[in-house]
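The following exercises ask the reader to work through a structure step by step. Please study the sequence and the 3D view before reading each solution.

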Amino acid sequence: MLIDFLVNWLAAVPEFAVPFALAALGLLVIEKAGVLSLGAEGFMLVGALAGIGAILGLGDHPAIALAAAAAAGAALSLLFSLLVVTLRVNQVIAGLGLVFLAQGLTGLVGTTQGWVNRPIGGLSALSFGPLSELPVVGPILFRHDAVVYLTVPVFALAAWILGRSMVGLRLRAVGDGPDAADAAGVSIGLMRFGATAAGAALVGLAGGYLSVGIARIWIEGMSGGRGWIAIALVIFARWQPWRALAGAVLFGAIEALIPRVAAAGIQVPQYFVGMIPYLATLGVMIWTCTRSGSRSLEPRALGLAHAREDR
Amino acid sequence: MSEISPALHRPLPAAAATAPGRRRRGRLGVEIRQHASARLQAAALAGGLAAGIACACAILVGAGVGLADLAQEFVVSILTSPESLAAVLIQAAPLAIVGLGAAFAFRVRFWNIGLEGQMIIGAVLATAVSLADLGPEPVRLILMACAAALGGAAWMLAPVLLRLRIRLNEIISTLLLNYVALNLLLHLLYGPWRDPATSFPNSALFDASERLAEIGWQNLNWGLPLALALVLAGAWLVGGSRVGFLMRVAGDNPRMGRALGLPMTGTVLAATLLSGALAGMAGFVICAGAEHRLTQSFATGYGFSGILIAFLARNTPLGVLVAASLVGVLFVAGQSLQVFYQIPGSAVQLIQAVIVLCVAASDFFVRHRLRWIA
Amino acid sequence: MRAALDMTAVSKAFDGFRALSEASFAAYPGEVHALLGENGAGKSTLMNVAVGLYRPDAGQIRVHGTEVVIDGPRTAKRLGIGMVHQHYKLVKAFTALENILLSQGPPSYGAGLRAVEEAVRRHCEALGFALDLDRPVGLLSVAEQQRVEILKVLVEGARILVLDEPTAVLTDREAEQMLLTMRRLAEEGCAVVLVTHKLGEVKRHADRVTVMRGGRTVASADPDALSLPELTALVVGASVERERMPAKRIGDPLLRIAALAGTRADGLQVLSDATIVVRAGEIYGIAGVGGNGQTELAEILMGVRAPCAGSIELDGAGDLCRMTTRARRGLGLAAIPADRSAYALAGGLSVAENYAAGAVLSGRFGSWFRLDRRAVRAATAEAVRAFDVQGVRAPRQKASLLSGGNAQKLVVAREFADPPRVVLAHSPSRGLDVRASGAVHQRLRAARDAGAAILLISEDLDEVLLLSDRVGVMSRGRIVAEFDTPADRNAVGAAMVHHV
């Protein structure tokens, strides 16, 4: 009984962790370039809608749908970058405005297009033949969809680019010492536009995975605060990619647990259980803030517009 | 090793490698403007608003509403029909209160994104007073208002203390608490507080003594005078009292304030708790003034509107009044668009966001000077 | 010989303010060329134009005889122009190698890193630099960071080197070493531009000097052909008195700082066992290399940082450490902090609000319920006049629009609104021109002569020696030597660098 519960739970963790992981990684890339991205929830929402829209409009091709989700996130990020990089709008205001813009836009488009509550096939699990049939190990490790298995290589790639490539060096320089990067001839505007688009594509992909991979249906506001949790995860991870992945798995585990507690027949008021992810996020943030000493890689210029001719 | 030559042994660089043609064309220079006149600021605000409204019209026309219909809904009906005007004013009252709340927090540079959560907790406590029939009937309404204010402030307490104590980012903490408050509300409405008469997920109707009475013109209730009084009190606090002075210092450079022995922590605490209390009051005004019960989604969208209003008003109380009226028009017109043109309610949110972003972008021209350099 | 860098009639304006008007400058290979002027004279702006950070509104630039348009840092780099900025352009979280790699910009990270390391090691050997290349530069000393900057421009292949106030943050000995390095580079055939406001450096180390004043280049000459007063006259337009005026009457000890210990923001203990006694009617100057606990001492005294141990006794009032900032100020503590924008002024508020912030709790400007704006305006106007704060068109003008000198005068006006008993002055003339620092010094002396105990902390040894009645040298968080004045500059300088 307990074993069944655990296997069932652990097998669901990766699917729930992937949106957090991809979104946190995307935000991390954006923030490493010094752009404070409160618009995460917005990128996720447009990604979720674009994913469903692609499937309902172009047929049930999950790969195309996920690409559309990433593209939608990147496209919305261009508006954001125009505001905060080119026009130097306060990044908090622009980020919040963007979230509400995306909420309104996805609500309007999704409703008028009639995409609400239309079930789709979406992503299906890969089959590893006999491996998938193994007891315990099979469901936990070998019955997931392609995105789950791609997430780890994506993290490795991002960590490598950030840490061991010239592009990553320039990107981190723009976030950590824009004056120095500027004097070194790095185009701050271009780096920030690029990093924001790349990161927003990942966040959009996370949103697309929510609609195409997990829910297989679209409802208004379906990211339900996951974008905000991802922002907290980046802080918790102290801007280190692998820690972000660990945090995402933790939150995936919490989310996967929620429906299973009730299914297991434990009597807990439903809406109190619903608070858990948010309270857990708060708890994790408090823990992060009170712990000092550990090396944080928070970019020094996070949230600051760069203006060379400032005197 | 080819690309890195040791400087000390390097031959002189070859003649300059720039395109001589580029010099003649001229270019657009951007400079930080040290000082912007009030006229310029007003012009930028007006320009931003105009651009935002134009974008909003384009969106609505794209969604299938004719331009003439838009003019009818947004301008004509409100100017000509007293019912519509009353509806706008009823709508504007809680908006002004929550906008004032946002403005107080923003004045001390505290990003209170948790206005909706504070509204919910305020309304929940007010409803609790109503459901438990606390206190004698004549003062019940006052008790409800106080409970609402207390609730809103209490919901703010944790984020502000965490920010002051351990520098926990208040944007995230206040926002997360919105979801917690919403879940609490749903728990109550789907559980113990479900209306016994209809078994719909909202609270039982308030008694007559627990509602804001009508003031005798159309169906306006005492919510509007209350909002006006709060705005005036806010204007005095900001402009005429020592607290307002301290808030300006806390908003601009709290480190200086501390070095001069000014009570910066107390100022931030006061301003933010006031912000939460006002949000709670707004929740109370909606429940006791318009809906006469606690509903699931009474606060939806007010949080962002509050932020928008404070932003448009540049955190000035009197500006809040003007901005709240404008957003009130948007709310009321949005409702009729929803009913008569099947435009989803999210359009109202989209329009607000577009206006915020346009006004924020227009600030560029206040803070920068563009110059053509030949 | 052809000039390596030749700038003719360069103009540049910021938001209507003409930072450069038709400035001309020429530096030749093999020479150390000093660009001399006061703060705000336009030296850094002119050199930022040369390295492509600012684009001029008008003017011509020739590099080795060819007319060029320097439209960005990359172009400047390609032309062999490199600059060591006054505020180092280093990414603090990066190692020295990563910083150099960043500005070098090779196509590949791994190969680039190896190549840069090799080049850096060769330059280090040639110049005799010892450096830890793998530590984040934020953890290196200021002198080491400067070496990283020099290596950076050398590895880039710069033949025209601009050094912006390179000795400002160095000890005398480090500065001497720096200037030797500079000479060596010139001997190798580089054109070295030394941007400075120190006349002594110009006389001792420059082959040629160009003087700037008010955005114009006013003279270009052989420094040996000019006397110090002549140079000074060129720099400030008229000669300025800088004469020591010792205290007339020194009273009993007023402020006793005993065994004070404190930590930096990151938790490192930088102040340990600092013991200082300041008497009424004297200026006690603390000299020392920056970062030896001076900032923490100032912050603890101001009341914005709590000490770990020790006490600060004010005669007749007890231990200040146990009192709130407000109580300390009530007892007559006035503070002119070094970091004006952090602790002394709120740039977004008006001049009047900044002035009133000092006394708003006293009731002088109305009660909690009514802020007396008229009283605020009147008091501000009076103070602005009395302390000669210039550039205030109206009391409601934003404080950030004041120039450095006038902003400092506003701070002094607020702090000295009531006669102080104890004054903390931390680098009070940093970033100020000669006239403004003269005015601030004048106020400090006046307060001293009125019987206040004045604690002057400054990294500018000249300022300490000029003002102080006694000098203490601070090193590693405590006072390691004390001198009566007039003190021997060399002895004080020696105590700053090595102590037992």
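Helices (H or I, at least four residues) and strands (E, at least two) are DSSP runs, numbered from the N terminus. The model is a predicted one.

**Exercise 1. Determine where Ser429(C) lies and what surrounds this residue.**

Solution. 

Step 1. Locate the residue: Ser429(C) belongs to the loop between strand E17 (422–426) and helix H15 (434–449) of chain C.

Step 2. Classify its accessibility. Buried means under 20% relative accessible area. Ser429(C) has 12% relative accessibility, and therefore counts as buried.

Step 3. List the contacts. With neighbours within four places in sequence left aside, Ser429(C) is in contact with Ser437(C), His441(C) and Glu463(C).

Step 4. Examine one partner. The side chains of Ser429(C) and Glu463(C) make a polar contact at 2.6 Å.

Step 5. Consider Gly404(C), which is 25 residues from Ser429(C) along the chain; the C-alpha atoms of the two are separated by 9.4 Å.

**Exercise 2. Describe the salt bridges of Lys43(C) and Glu165(C), of Glu149(C) and Lys152(C), and of Glu282(C) and Arg470(C).**

Solution. 

Step 1. Recall the cut-off: a side-chain nitrogen of Lys or Arg must be within 4 Å of a carboxyl oxygen of Asp or Glu. By this rule, the count over all chains comes to 29 salt bridges.

Step 2. Take Lys43(C) and Glu165(C), whose side chains meet in a salt bridge with an N to O distance of 3.4 Å. Lys43(C) is in helix H1 (residues 43–50) of chain C, whereas Glu165(C) is in the loop between strand E7 (160–164) and helix H6 (172–187) of chain C; the pair links distant parts of the chain, 122 residues apart. Lys43(C) counts as buried at 5% relative accessibility, and Glu165(C) counts as buried at 6%.

Step 3. Take Glu149(C) and Lys152(C), whose closest N and O atoms are 3.3 Å apart in a salt bridge. Because the two residues are three apart in helix H5 (residues 142–155) of chain C, about one helical turn separates Glu149(C) from Lys152(C). Both Glu149(C) and Lys152(C) are buried.

Step 4. Take Glu282(C) and Arg470(C), which form a salt bridge with 2.7 Å from N to O. Glu282(C) is buried, with a relative accessible area of 0%, and Arg470(C) counts as buried at 13% relative accessibility.

Step 5. Look for shared partners. Lys248(C), Arg448(C), Asp449(C) and Asp469(C) are joined into one network by salt bridges that share partners.

**Exercise 3. Describe the interface of chain B and chain C.**

Solution. 

Step 1. Count the residues: 46 residues of chain B are in contact with 68 residues of chain C.

Step 2. State the buried area. About 5,000 Å² is buried between chain B and chain C, and carbon and sulfur atoms give 58% of this area.

Step 3. Identify the polar links. There are 14 residue pairs in polar contact across the interface of chain B and chain C (both at pLDDT 80 or more). The rule also finds one salt bridge there. Arg248(B) forms a salt bridge with Glu353(C), with the closest N and O atoms 2.5 Å apart.

Step 4. Which element gives the most to the side of chain B that touches chain C? H9(B) does, with seven residues.

**Exercise 4. Describe the interface of chain A and chain C.**

Solution. 

Step 1. Count the residues: 23 residues of chain A are in contact with 25 residues of chain C.

Step 2. State the buried area. Chain A and chain C bury about 2,100 Å² between them, with 62% of it on carbon and sulfur atoms.

Step 3. Identify the polar links. Two residue pairs are in polar contact between chain A and chain C (both at pLDDT 80 or more). Arg172(A) forms a salt bridge with Glu98(C), and their closest N and O atoms are 3.7 Å apart.

Step 4. Name the elements. Helix H7 (146–164), helix H8 (166–176) and helix H9 (178–183) of chain A each give two or more residues to the side of chain A that touches chain C. H8(A) provides the largest share, six residues.

Definitions and conventions. Residues are numbered from 1 along each chain as its sequence is written. Chains are lettered from A and ligands numbered from 1 in the order in which they are written. This is a predicted model: local features need pLDDT of at least 70, side-chain atom pairs count only at pLDDT 80 or more; totals for chains, interfaces and linings use all residues. Side-chain values use heavy atoms; hydrogens and water are left out. Contact means heavy atoms within 4.5 Å. Buried area is the accessible area (1.4 Å probe) that two parts lose on being put together, summed over both. A polar contact is a pair of N or O atoms within 3.5 Å; within protein, one must be able to donate a hydrogen and the other to accept it, and residues adjacent in sequence count only if both atoms are side-chain atoms. Buried means under 20% relative accessible area, exposed over 50%, partly exposed in between (1.4 Å probe, protein chains only).
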